[in-house]
Amino acid sequence: MVVAHDIFEMEIKRVFLIGFMGSGKSTLGRRLSTEMGWPFSDLDDLFEKKYQTTIENYFKTFGEEAFRKAEQQVLQEVLNEDKIIIATGGGTPCFYDNMEQMNAHGLSIYLKLSVNTLAQRLGGRRQVRPLVKGKSGEELINFITEKLAEREHHYEKANVVVDAEVLGVEGYIKIIEASGSLME
Ligand code: S3P
């Protein structure tokens, strides 16, 4: 299943991968980068480099509100880079006008996955993500269910919504190519 909206014959300069924690944005971004020859940036990594600390520490020290403001700054800095694949943080599209900014500056793709798949994928990597740290199996399922319900209307504003359970890299490349002309 692929749902596309608001795509005009545009020149694509940036691809934004969006979706919940654990949806595979960074892994996909690296693969697309290799296939397309465009550089890849992970917003979480850019954040940690800019603020010289881990996201976990930043959350602990300054709290989520400050994190969101700082994250918005990092996003602003990549909006004008050309020919780039960007994996955003799971919360990036849900704050301020970040989603609108991404749509205005490139092609956004929502990697949609079920709660169960997300829980499985997040199960082993809980410790590095402050929002899911220390949650047991059931707590994790409940957290994802609630958070996804809260966030999904932001994610759904993406230009393209894909069923990430089934789509492979070639499928994403076809979507990107079909969505507009890639910048030479
Ligand atoms: C967050 C997701 C994380 C990271 C931070 C907050 C969220 O990114 O930005 O821990 O609010 O969903 P990933 O989606 O890359 O794990």
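A close look at one part

A: F67 counts as buried, at 4% relative accessibility; buried means under 20% relative accessible area, exposed over 50% and partly exposed in between, with a 1.4 Å probe and protein chains only. The model is predicted: local features need pLDDT of at least 70 and side-chain atom pairs count only at pLDDT 80 or more, while totals for chains, interfaces and linings use all residues. Residues are numbered from 1 along each chain as its sequence is written, and side-chain values use heavy atoms, with hydrogens and water left out.

The helices come first. Helix α2 covers residues 43–51 and helix α3 covers residues 55–78. Helices (H or I, at least four residues) and strands (E, at least two) are DSSP runs, numbered from the N terminus. Two packed helices are described by the angle between their axes and the distance between the axes. For α2 and α3 the angle is about 110 degrees, and the axes are 9 Å apart. Here axes are lines fitted to C-alpha atoms, for helices over the stretch in contact, and angles run from 0 to 180 degrees between N-to-C directions. The two helices are therefore roughly perpendicular to each other. That label covers 65 to 115 degrees; under 35 counts as roughly parallel, over 145 as roughly antiparallel, and the rest as oblique.

Which residues make the contact of α2 with α3? On the α2 side they are L43, D44, L46, F47, E48, K50 and Y51. On the α3 side they are I55, Y58, F67, A70, E71, Q73, V74, L75, E77 and V78. Contact means heavy atoms within 4.5 Å. By class, this contact has 11 nonpolar, one polar and five charged residues. Ala, Val, Leu, Ile, Met, Phe, Trp, Tyr, Cys and Pro count as nonpolar, Asp, Glu, Lys and Arg as charged, and the others, Gly among them, as polar.

Next come the rings. Rings of Phe, Tyr and Trp (its six-membered ring) pair if their centres lie within 6.5 Å; planes under 30 degrees apart count as stacked, over 60 as edge-to-face and the rest as tilted. By this rule there are seven aromatic pairs. One of them joins Y58 and F62: it is tilted, 4.7 Å centre to centre, with 50 degrees between the planes. Both residues lie in helix α3, four residues apart, about one turn of the helix. Y58 is buried, with a relative accessible area of 10%, whereas F62 is exposed at 51%. F59 and F67 form a tilted pair too, 4.8 Å centre to centre with 45 degrees between the planes. F59 is buried, with a relative accessible area of 14%. Ring pairs link F47, Y51, Y58, F59, F62 and F67 into a cluster.

Q52 is found in the loop between α2 and α3. Its relative accessibility is 68%, which counts as exposed. Most residues other than glycine have a negative phi, and most peptide bonds are trans. Q52 is not a glycine, yet it has a positive phi of about 55 degrees.
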